Amino acid sequence: MGHLTHRDLNASRERLRDQVAHALRAALISGELRPGVVYSAPTLAEDFGISATPVREAMLDLAREGLVEPVRNKGFRVTEVDGRDLDQFTEIRALVEIPTVVDITRSAAREDLEALRPVAEEIVRAAREHDLIGYLEADRLFHLTLLGLAGNERLVETVGDLRKRSRLYGLTALDESGNLIPSAEEHIELLDLMLAGDAEGAEACMTRHLGHVRSLWAKDDGPAGA
């Protein structure tokens, strides 16, 4: 007991699993759950004041996202992601997302792009209010919805998986350094360029944005989040 800050969880069994998973992601971001450390479901359940079953189910959800890995008869280990991993994730995302954004800029309906403005503004709001979970959720919605305009569901699934494996690491440090807001504002810049039909500008903005994701979220070559 004592791994996590106390969080009140009040929900039906149907939603409790999702609430626990949400709280665990917050603990990963804040550093309460550390990379490389093994945590047991019963111990975490004591911190939440609930039974171990929804915690175990939530940890399995996180395992499918690549954030933790099961350790037989012990619990779950928080996945370590090093600089090489992040470089490879970012390289793949760049190969997929940048040309797709260029194509979407040239082909998407204006109303489909404009519909993303509230989401881009939500990203900035969350960054200014230090709402890291809100930031991640809005950021994920923006990028995957934008890529969805290309009409390739497998592409969206692939990028979504890469984001799950790298999205949490270094975010707290990025927020504390004051660099999260400029990164958030790049979403509005990108959207404005795409609405203006500026494919070259959108390409440059997306390239810069992905570069910031890599360089700002994990600046060292050791385990990310360590």
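Tutor: Let's start with methionine 194. Setting aside its neighbours within four places in sequence, methionine 194 touches Val101, Ile104, Thr105, Leu113, Leu146 and Ala202. Keep in mind that you're looking at a predicted model.

Now zoom out a bit. Met194 belongs to the largest nonpolar core, a group of 33 residues. Met194 is also listed with the residues that have the most contacts inside that core, along with Tyr135, Phe142, Leu146, Leu171 and Leu190. Notice Leu146 on that list: Leu146 is also one of the contacts of methionine 194. Which elements supply this core? Those that give two or more residues are helix H1 (13-30), H4, H6, H7, helix H9 (171-176), helix H10 (180-195) and helix H11 (199-217).

H4 covers residues 83-107, and aspartate 103 sits in it. Is aspartate 103 buried or partly exposed? Its relative accessibility is 47%, so aspartate 103 counts as partly exposed. Across the protein chain, 72% of the contacts between residues at least 6 apart in sequence join residues at least 24 apart.

There's a second, separate core too, with 22 residues, including Leu16, Ala23, Val55 and Met59. For helix H2 (residues 41-48) and helix H3 (residues 52-64), the angle is about 115° and the axes are 8 Å apart. Their crossing is right-handed.

H3 also leads us to the strands: H3 lies across E2 and E3, running at about 120° to E2. The sheet is open, with three strands in the order E1-E3-E2 and antiparallel pairing. Strand E1 (38-39) and E2 are at the edges with a single partner strand each, so one side of each has no neighbour in the sheet. E1 and E3 are joined by two bridges, and valine 38 has arginine 77 as its bridge partner in E3.

Between strand E2 (68-71) and strand E3 (75-78) there's a loop, and asparagine 73 lies in that loop. Most residues other than glycine have a negative phi. Asparagine 73 isn't a glycine, but its phi is positive, at about 65°. With a relative accessible area of 76%, asparagine 73 is exposed. Histidine 130 also has a positive phi, near 60°, without being a glycine. You'll find histidine 130 in the loop between helix H6 (117-128) and helix H7 (132-148).

Finally, the whole chain. It has 11 helices and three strands, and from the N terminus on they run α-β-α-α-β-β-α-α-α-α-α-α-α-α. Of its 226 residues, 47% are buried.

Notes. Residues are numbered from 1 along each chain as its sequence is written. This is a predicted model: local features need pLDDT of at least 70, side-chain atom pairs count only at pLDDT 80 or more; totals for chains, interfaces and linings use all residues. Side-chain values use heavy atoms; hydrogens and water are left out. Helices (H or I, at least four residues) and strands (E, at least two) are DSSP runs, numbered from the N terminus. Buried means under 20% relative accessible area, exposed over 50%, partly exposed in between (1.4 Å probe, protein chains only). Axes are lines fitted to C-alpha atoms, for helices over the stretch in contact, and angles run from 0 to 180 degrees between N-to-C directions. A crossing is left-handed if the near helix is turned anticlockwise from the far one by less than a right angle, and right-handed if clockwise. Two strands pair if DSSP finds at least two bridges between them. Contact means heavy atoms within 4.5 Å. A nonpolar core is a set of buried Ala, Val, Leu, Ile, Met, Phe, Trp, Tyr and Cys residues joined through side-chain atoms within 4.5 Å.
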